[in-house]
Amino acid sequence: MRRSSFVAFAIATLVATPALAHTGAGTVSGFASGFGHPVGGLDHLLAMVAVGILASQQGGKSIWLLPLSFVAMMIVGGILGAASVALPLVELGIVGSVIVLGAVIGLGKHLPTGAAMALVGLFAVFHGHAHGTEMPTTASGVEYGVGFALATVALHAVGLGLGLTVKQIAQKTAQVALRAGGGAIAAAGVFLLAA
């Protein structure tokens, strides 16, 4: 079973090129484009699901505070990007979010809630900035932003649901599964960095 899972993971990462959702080519607009963008980029998908998993691993108020922090700071980053405020190393910050969030999950360490919120919030600024630079300033840009925010919430909910479900199956096995999942997310981030 482990071997087939590894093969499936390896195939998925190899066929997911280009993994980064930010080509800088053309403009995108509309709710559907905004909603589809996070799902279409492996970097976003992994980071946003990781936020949900981390929230479930942290438990307590983190279950809603971490996703809320991410979405709020992603909007701030989007506003900065739409206003053409330069932010260095955006793509590196996005890929770094996959690596770091996956590693935090994989290590299974409980962070203070404020530190976890700051961590996801920092990375959210990069995600939001990248998409803010692509958002048109017209009403369709607002629709795009709403679509992107709702897709982000949905991906957080997927990660949260996965984390909580695994926890309910078996406490001891759940921690191993969550940590292994975090390690896989971090490994995928390293692959994205190398690609």
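Q: In which helix is the place of Gln 57?
A: Gln 57 sits in helix H3, residues 42–58, where a helix is a DSSP run of H or I with at least four residues (a strand is a run of E with at least two), numbered from the N terminus. This is a predicted model, in which local features need pLDDT of at least 70, side-chain atom pairs count only at pLDDT 80 or more, and totals for chains, interfaces and linings use all residues. Residues are numbered from 1 along each chain as its sequence is written, and side-chain values use heavy atoms, with hydrogens and water left out.

Q: Why is Gln 57 called buried?
A: Buried means under 20% relative accessible area, exposed over 50%, and partly exposed in between, with a 1.4 Å probe and protein chains only. Gln 57 has a relative accessible area of 11%, so it counts as buried.

Q: What does the side chain of Gln 57 reach, and which residues is Gln 57 in contact with?
A: It reaches the backbone oxygen of Ile 105 at 3.1 Å. Contact in general means heavy atoms within 4.5 Å. Leaving aside neighbours within four places in sequence, Gln 57 is in contact with Val 104, Ile 105, Gly 108, Lys 167, Gln 175, Leu 178 and Arg 179.

Q: What makes Gln 58 count as buried or exposed?
A: Gln 58, also in helix H3, has 7% relative accessibility, so it counts as buried. A polar atom of its side chain lies 2.7 Å from the backbone oxygen of Leu 111. Beyond its neighbours within four places in sequence, Gln 58 is in contact with residues including Leu 66, Lys 109, His 110 and Leu 111.

Q: How do you know that the span of H3 agrees with its number of residues?
A: The expected span of a helix is 1.5 Å times one less than its number of residues. For the 17 residues of H3 that gives 24 Å, and the end C-alpha atoms are 24 Å apart, so the two agree. H3 is also largely enclosed by the rest of the structure, because 16 of its 17 residues are buried. Gly 59 follows H3, and its phi is positive, near 75 degrees.

Q: What makes Ser 84 exposed?
A: Its relative accessible area is 66%, so Ser 84 counts as exposed. Ser 84 is found in the loop between helix H4 (62–82) and helix H5 (90–107). Its phi is near 60 degrees, a positive value in a residue other than glycine. Ser 84 and Thr 133 are 49 residues apart in sequence and 6.6 Å apart in space, C-alpha to C-alpha.

Q: Why is Leu 89 called exposed?
A: Leu 89 has a relative accessible area of 59%, so it too passes the cut-off for exposed. Leu 89 lies in the loop between H4 and H5, and its phi, near 55 degrees, is a positive value in a residue other than glycine.

Q: What is the volume of the largest pocket, and which residues are closest to its centre?
A: The largest pocket has a volume of about 460 Å³. Of the 18 residues that line it, the closest to its centre are Ile 53, Leu 162, Gly 181, Ala 184 and Ile 185. H3, helix H7 (139–169) and helix H8 (171–194) each give two or more residues to the lining, and H8 gives the most, with nine. On a 1 Å grid over the protein atoms alone, a pocket is an open set of points where a 1.4 Å probe fits, with protein on both sides within 12 Å along at least five of seven lines; lining residues have an atom within 4 Å of a point. Grid points are joined across faces, edges and corners, and the volume is the space filled by probe spheres set on the points.

Q: How do the residues of that lining divide into nonpolar, polar and charged?
A: There are 16 nonpolar, two polar and no charged residues. Here Ala, Val, Leu, Ile, Met, Phe, Trp, Tyr, Cys and Pro count as nonpolar, Asp, Glu, Lys and Arg as charged, and the others, Gly among them, as polar.

Q: Which pattern does the protein chain follow?
A: Read along the sequence, the pattern is α-α-α-α-α-α-α-α, with eight helices and zero strands. Of the 195 residues, 44% count as buried.

Key:
Polar contact = N/O pair within 3.5 Å; in protein donor to acceptor, adjacent residues only side chain to side chain.
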